[in-house]
Amino acid sequence: MWLFVFIACLIPSVKAIGLAEGIYCGLENCYDVLSIDRNEFKEKQKDLPRIYRQLVRRYHPDTVKDPAEKEKAVKRFQVIATAYEVLKDDDTRSDYDYYLDHPEERYYNYYQYYRRRVAPKVDVRIVIVVTICLISIFQYISAQQKYQEALSYAFKQEKYRLRAKEVAKQRGINLDDGRGKSKKINKEIAEAVIQSIIEENMDIRGGYKKPSFYDTLLWNIIILPLNLSRYVWWYCAWIIKYNIRKEDYDEEAKLYLIRKKMGLSGSMFNALTEEERAGYLAEELWKEEAYEKWKDKREELEREKLANSGAYKRYIRYMRNQAGNTISFLDE
């Protein structure tokens, strides 16, 4: 708003309170420009396009040959076009009527005029919806590319190819190039069958899983009210069950607490194997004391693994020989 006030202050003031140059039809009344009585506008509003076309044909600059008169015709044509644009739009016409009735509120009228001019012509809601759709399409395409990368990697792994051949044999498909009871299949078709079986049986999770519409931003916004209501219901049930009634945690609650302590997202935690999650439950990692012990033990194992690494040992020797006592990563 301050921007419009600043612009209004820069505009030269008129000598008297009334119509001002630079906004709407300038020093002319837009109703008079189109030869319409303001009090009868509602009755003649439907005739506005016809009146405008008549004036356009009459004052169009192309109909004037004399250069001096042509310049006047251009200015007149611009005023007529401006008057039509002002009066045909209900909101702009409402601002203009207020401008005519309250000429003393000059700065407010300037603000309303420039606000309309710089305001976006497209409905903001449409822009938001289109933006969300484009982001969702990009998400889906990106996920599809990652999924194809994971499949390409799996296609090259011999262990997956051997399993695919075993599945093909179980289905009665002979993929060998040699002789067999089944119909001989050329190399390209055999490769296509192997890839199809691998894709059918691969369980890819995490960031490279198979793309789904349900993972896009658009779907998550659509179901946001449902998810919020579910979360509120779940949170209230958690408070009542475990904080008020002091019941023991069930397996689902234990896994939730473990995931929160580890700082893993739902998709990352679900990507863990059943054996890993069973191990966490067996170690009772939902308990603070047990988790801290497990964390310290894990960090110690990581340090030992790093210390036994050949690359790390070379790094240690380099630091001792070249950089003096500046090692701070591990205290040896």
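**Reading a predicted model**

Tutor: In this structure, a disulfide joins C25 to C30, with a distance of 2.1 Å from S to S. Please keep in mind that the model is a predicted one.

Student: Which cut-off makes a pair of cysteine sulfur atoms a disulfide?

Tutor: The two sulfur atoms must lie within 2.5 Å of each other. C25 and C30, at 2.1 Å from S to S, are such a pair. By this rule the count comes to 1 disulfide.

Student: What is the handedness of the link between C25 and C30?

Tutor: The link of C25 and C30 is right-handed, with 110° about the S-S bond.

Student: Are C25 and C30 buried or exposed?

Tutor: The general idea is a threshold: a residue is buried under 20% relative accessible area and exposed over 50%, with partly exposed in between. C25 counts as buried because its relative accessibility is 7%. C30 is also buried, because its value is 0%.

Student: Let us turn to charge. Which residues form a negative surface patch?

Tutor: Asp and Glu count as negative. Here the negative surface patch is formed by E292, D296, E299 and E302. One of these residues, E299, is found in helix α16, which covers residues 288-307. E299 counts as partly exposed because its relative accessibility is 37%.

Student: Where does K165 lie, and how accessible is K165?

Tutor: K165 belongs to helix α9, made up of residues 158-170. Its relative accessible area is 31%, so K165 is partly exposed.

Student: What are the two separations for Y256 and F269?

Tutor: Y256 and F269 are 13 residues apart in sequence and 9.4 Å apart in space, taken from C-alpha to C-alpha.

Student: In which helix does Y256 lie, and is Y256 buried or partly exposed?

Tutor: Y256 lies in helix α13, residues 251-262. With 25% relative accessibility, Y256 therefore counts as partly exposed.

Note on methods:
Residues are numbered from 1 along each chain as its sequence is written. This is a predicted model: local features need pLDDT of at least 70, side-chain atom pairs count only at pLDDT 80 or more; totals for chains, interfaces and linings use all residues. Side-chain values use heavy atoms; hydrogens and water are left out. Buried means under 20% relative accessible area, exposed over 50%, partly exposed in between (1.4 Å probe, protein chains only). Patches are made of residues with over 30% relative accessible area and no salt bridge: like charges are joined within 9 Å, nonpolar side chains (Val, Leu, Ile, Met, Phe, Trp, Tyr) within 5 Å. Accessible areas come from the Shrake-Rupley method with a 1.4 Å probe; for residues, only the protein chains shown count as cover. A salt bridge is a side-chain nitrogen of Lys or Arg within 4 Å of a carboxyl oxygen of Asp or Glu. The place of a charge is taken as NZ of Lys, CZ of Arg, CG of Asp or CD of Glu. Helices (H or I, at least four residues) and strands (E, at least two) are DSSP runs, numbered from the N terminus.
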